Amino acid sequence: MPPPPPPLGRVRRRAAQAFDEALDDEELVAARTALAQGRWQKSRSLLVRTGDDWDRRGHRITVLARESSCATWARDWLLAEPDSGDGAVLLALAQVRRALRGKDRTDRAREACHRAAAVLPADPTPWLGLLLLECAQGAGGDAVRVFEQIRSRYADHHHAHHLVVAWLAERRVEAGPDPLHEVYDFANWSAEQAPADSPLAILPVIAHAERYRALAAAGQERADPVASGHWVGRRARQVMKAAFDWWLEWEHEEHPRRLIDLNFLAHAKVCEGRSAEAAALFHRIGDKVTPVPWSYPDRDPLTAFRTARTTALGTG
């Protein structure tokens, strides 16, 4: 008789351990652990060291803000240092996270973001918090105006571009698989505007995956991404080839969110049926799987990732 299945709680814990929003940022992991214990000084030092590396700063603050007690410890930080801009931004993003989980009022989170923006007017991170709130509202959100505020401070903001792509992808799903949809125009324009070494070069791949998610959720595409045909049209093939060729030449492996891009690109190559190219990406990803896009449209992401990796690497 086979052994009984593990308790559901254990499965959920394993899945949670498999996905870490910190990705491979060990300094961030250490600061987050200290913050969970009420020691906010490590977060303070981390953000001082991060400086105006805006992509890394946005990544680190949004991850720290997910810590369940972050708002409490950020308030303690501000009691000790009332003029701390970093403390104000961390509190603002923590309140955004709480509002998105239904544990705080949205208007309070917005006010906190505006206060932080007033303290640090050059910092796009408070506006990233506002963009998270706007995109959560769907088509009714004022995402474009907020995105322009971010772009005026840092034109190549990685997280902000991903948020806007996901937001645009959900518009006009009734149009079906329209190759002229605005999400593709935005992604192509953003990639063209970005510097040659910017990971925004892969944004058209992100747009393709996000549009698939929206269409599949609306019943306009098949729920199996490989069988849907979404990745094998002429436009899709051009996008995937250009993105993969760019990645082969990319020499800036230190970008804090690069593993998100690599997961999207590996997923695209799997769906396209390009196993050798997918295998190269899986080797680079290692065990740093991200929930998206492997969960699209409604799949268990860890199972989908492992199945795709095993097939591509021939280790089954």
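Helices (H or I, at least four residues) and strands (E, at least two) are DSSP runs, numbered from the N terminus. This structure is a predicted model, in which local features need pLDDT of at least 70, side-chain atom pairs count only at pLDDT 80 or more, and totals for chains, interfaces and linings use all residues. Residues are numbered from 1 along each chain as its sequence is written, and side-chain values use heavy atoms, with hydrogens and water left out.

**Confidence**
- The mean pLDDT of the protein is 92, where pLDDT is the predictor's confidence in each residue, from 0 to 100.
- A pLDDT of 70 or more is reached by 94% of the residues.
- Over residues 1–16, pLDDT stays under 50.
- For residues 1–16 the model has 3 contacts beyond four places in sequence; a contact means heavy atoms within 4.5 Å.
- Where pLDDT is low, the predicted coordinates should not be read in detail.

**Single residues: buried or exposed**
- Buried means under 20% relative accessible area, exposed means over 50%, and partly exposed lies in between (1.4 Å probe, protein chains only).
- Ala223 sits in the loop between helix H12 (203–217) and helix H13 (234–249).
- Ala223 counts as exposed because its relative accessibility is 52%.
- Beyond its neighbours within four places in sequence, Ala223 contacts Tyr212 and Pro297.
- Glu134 belongs to helix H8 (residues 125–136) and is buried at 7% relative accessibility.
- Not counting residues up to four places away in sequence, Glu134 touches Arg110, Gly141, Asp142, Ala143 and Val146.
- His158 is in helix H10 (residues 158–169) and is buried, with a relative accessible area of 1%.
- His158 and His59 are 99 residues apart along the chain, and their C-alpha atoms are separated by 9.3 Å.

**Helix pairs**
- Helix H4 (residues 54–65) and helix H6 (residues 85–100) have axes that come within 8 Å and cross at roughly 55°.
- Axes are lines fitted to C-alpha atoms, for helices over the stretch in contact, and angles run from 0 to 180 degrees between N-to-C directions.
- The angle makes H4 oblique to H6: under 35 degrees counts as roughly parallel, over 145 as roughly antiparallel, 65 to 115 as roughly perpendicular, and the rest as oblique.
- The contact of H4 with H6 has 7 nonpolar, 1 polar and 3 charged residues.
- In these classes, Ala, Val, Leu, Ile, Met, Phe, Trp, Tyr, Cys and Pro are nonpolar, Asp, Glu, Lys and Arg are charged, and the others, Gly among them, are polar.
- The axes of H13 and helix H14 (residues 258–272) come within 11 Å and cross at roughly 135°.
- That angle makes H13 oblique to H14.
- The contact of H13 with H14 divides into 7 nonpolar, no polar and 4 charged residues.

**Backbone details**
- Most residues other than glycine have a negative phi, and most peptide bonds are trans.
- The peptide bond from Val292 to Pro293 is cis, with omega near 5°, and Pro293 is in helix H16 (residues 291–294).
- Tyr296 and Pro297 are joined by a cis peptide bond with omega about -5°.
- Pro297 is in the loop between H16 and helix H17 (301–313).
- Leu23 is not a glycine, yet its phi is positive, near 60°.
- Leu23 is buried at 6% relative accessibility.
- Arg172 has a positive phi of about 55° and is partly exposed at 36% relative accessibility.
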